[in-house]
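Please take a first look at this structure.

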Amino acid sequence: MGRVYNFSAGPAVLPEEVLKEAAEEMLDYKGTGMSVMEMSHRSKAYEEIITEAEADLRELMGIPDNYKVLFLQGGASQQFAMIPMNLMKNKVADYIVTGQWAKKAASEAEKYGKVNRIASSEDKTYSYIPDCSDLPVSEDADYVYICENNTIYGTKYKELPNTKGKTLVADVSSCFLSEPVDVTKYGIIYGGVQKNIGPAGVVIVIIREDLITEDVIPGTPTMLTYKTHADAKSLYNTPPAYGIYICGKVFKWLKKMGGLEVMKERNEKKAKLLYDFLDQSKLFKGTVVPKDRSLMNVPFVTGNEELDAKFVKESRAAGLENLKGHRTVGGMRASIYNAMPYEGVEALVAFMKKFEEENL
C-alpha cells in the first residue's frame with residue numbers, strides 16, 4: 001500500500017520530501033556517522049540544527065528581536081499551567097472560551113488565580129467566534145487568553161480580540177505557520193507542533209522578553225519557568241532533539257515553497273474547494289458559521305450517525321484516512337494542514353460526491 005491522504009488532526013501529515021530527507025539522514029547525519037537521534041544535544045552538529053531551526057522560524061514569521069523562541073516539551077497542555085505560573089502577577093486573567101482547549105486552559109489557570117471567562121461560544125457547541133471588539137476586559141487582568149484556531153470545532157479568529165492594552169496570549173497549535181502573522185500583537189504565541197509543523201513532543205513558545213522574569217508564582221518548578229529555558233537557549237536539559245530537527249526541515253520546506261504568504265494562498269484554495277462543495281451539497285453540511293471557518297480543520301456531518309459511520313468506513317477503503325470527527329462533535333472532520341496537497345482535497349471531494357449520489 002502506498003501513502004494515503006491523511007486528514008488526521010494531529011499527529012498529522014508531514015511533507016513527503018521532509019520525510020524522505022530524514023530517511024536518507026537516519027543512519028548518518030552529514031558525515032557524523034550517527035543519527036540525530038543518537039547525537040549529544042551539546043554537540044556542535046546539534047547546536048547547528050537548533051540554531052538554524054530558530055533562525056528559519058524567525059525569518060518565516062518575522063519574529064522581532066525582543067521575542068525569544070523556546071523549543072519546549074509537554075505539549076500545549078503543559079502551557080496551560082506554565083502561562084499562569086509565569087504571568088499571573090496580579091492573580092487575575094481573562095479567558096475567551098471558543099472550544100475544548102481554551103476551556104481546559106481556563107480551568108487549569110484557576111489553580112493559580114482568578115479566571116474571568118469574558119466571552120464564550122459554548123452555547124452553540126462552539127460553532128462560531130464571539131464578537132471580541134468590546135469585551136469586559138478586567139482592569140487588573142495579567143493577560144487575555146485565546147485559542148486562535150479550534151481544531152475540534154473548526155473555527156478561527158479572523159480578527160484578534162481588542163484586549164484594551166492587556167497582553168494577548170494565543171494558542172495557535174492548529175494554525176501555526178498556515179498564514180502570515182504579526183507577532184507584535186501577542187505577548188505569547190505558542191503551539192504544539194504535531195499538527196502543522198513536526199512530530200509530537202515539541203511545543204514552540206514565542207514570548208516577548210519583558211514577560212520573562214524570575215518573578216513567578218512561588219513553587220513554580222525550575223523546568224516550568226520561561227527564564228530557565230530562555231537563558232539556556234532551549235538547552236537547559238535534553239530537548240526533544242529529533243523532533244526539533246524535523247521541525248527545522250519543515251521550516252526549510254516552507255521557505256522553499258515561498259513562505260507564509262504562499263502557504264496562505266494554497267490553504268485558502270484547498271479550503272475553498274471543500275467549503276464550496278459543502279455549501280451546495282444535499283447530503284453533507286458544514287457545522288461552522290461561514291465567516292468563522294478555519295482553513296485548517298473542516299468539520300461536517302450528514303445529520304445521520306449511521307451514515308456518518310458508513311462514510312468514515314468507506315473513505316478509509318478509498319485511501320482517505322482519519323476523517324472521523326472528534327468524539328465531542330461526532331460526524332467527520334478533514335484537517336487540511338500545510339502538508340496536505342491540493343490533490344488530497346480533490347480526492348476527498350470526489351469521494352464525497354460519489355458517496356452523496358449513492359446514499360441520497
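Gly286 stands opposite Phe300 in E12. This is a predicted model, where local features need pLDDT of at least 70, side-chain atom pairs count only at pLDDT 80 or more, and totals for chains, interfaces and linings use all residues. Residues are numbered from 1 along each chain as its sequence is written, and side-chain values use heavy atoms, with hydrogens and water left out. Helices (H or I, at least four residues) and strands (E, at least two) are DSSP runs, numbered from the N terminus.

- Helix H7 (residues 260–280) packs on the sheet and touches E11, E12 and E14. The direction of H7 makes about 20° with that of E12. Axes are lines fitted to C-alpha atoms, for helices over the stretch in contact, and angles run from 0 to 180 degrees between N-to-C directions. Contact means heavy atoms within 4.5 Å.
- The open sheet has 3 strands in the order E11-E12-E14, with antiparallel pairing. Two strands pair if DSSP finds at least two bridges between them.
- Strand E11 (285–286) and strand E14 (332–335) stand at the edges. Each has a single partner strand, so one side of each is left without a neighbour in the sheet.
- E11 and strand E12 (residues 297–301) run antiparallel and are joined by 2 bridges.
- E12 and E14 also run antiparallel, joined by 4 bridges. Asn297 has Ser335 as its bridge partner in E14.
- From E14, Met332 and Ala334 point one way, while Arg333 and Ser335 point the other way. All are buried (under 20% relative accessible area; exposed is over 50%, partly exposed in between, with a 1.4 Å probe and protein chains only).

**The seven-strand sheet**

- In this open sheet, 7 strands follow the order E2-E10-E9-E8-E5-E3-E4, and the pairing is mixed.
- Strand E2 (67–72) and strand E4 (114–120) stand at the edges. One side of each is left without a neighbour in the sheet, because each has a single partner strand.
- Neighbouring strands of this sheet are turned by 20° against each other on average, direction ignored.
- E5 and E8 run parallel, with 4 bridges joining them. Ile146 has Ala170 as its bridge partner in E8.
- Strand E8 (residues 168–171) and strand E9 (residues 188–192) run parallel too, joined by 3 bridges. In E9, Ile188 stands opposite Val169, and Tyr190 stands opposite Asp171.
- Leu168 and Ala170 point one way from E8, and Val169 and Asp171 the other way. All are buried.
- Helix H4 (residues 100–109) lies across strand E3 (92–97), E4 and strand E5 (144–147). H4 runs at about 160° to E3.

**Helix against helix**

- Two packed helices are described by the angle between their axes and the distance between the axes.
- The axes of helix H3 (residues 75–87) and H4 cross at roughly 40° and come within 9 Å. H3 and H4 are therefore oblique to each other (angles under 35 degrees count as roughly parallel, over 145 as roughly antiparallel, 65 to 115 as roughly perpendicular and the rest as oblique).
- H3 passes H4 in a right-handed crossing. A crossing is left-handed if the near helix is turned anticlockwise from the far one by less than a right angle, and right-handed if clockwise.
- H3 contributes Ser77, Phe80, Ala81 and Pro84 to the contact, and H4 contributes Trp101, Lys104, Ala105, Glu108 and Ala109.
- The residues of the contact of H3 with H4 divide into 6 nonpolar, 1 polar and 2 charged. Ala, Val, Leu, Ile, Met, Phe, Trp, Tyr, Cys and Pro count as nonpolar, Asp, Glu, Lys and Arg as charged, and the others, Gly among them, as polar.
- Helix H2 (residues 44–61) and helix H6 (residues 241–257) have axes that come within 9 Å and cross at roughly 40°. The crossing of H2 and H6 is left-handed.
- The contact residues include Tyr46, Ile49 and Ile50 of H2 and Ala241, Ile244 and Tyr245 of H6.

**Two exposed residues**

- Lys324 lies in the loop between strand E13 (320–321) and E14. Lys324 counts as exposed, at 59% relative accessibility.
- Not counting residues up to four places away in sequence, Lys324 touches Val312, Gly331, Met332 and Arg333.
- Glu357 lies in helix H9 (residues 342–359). Glu357 is exposed, with a relative accessible area of 68%.
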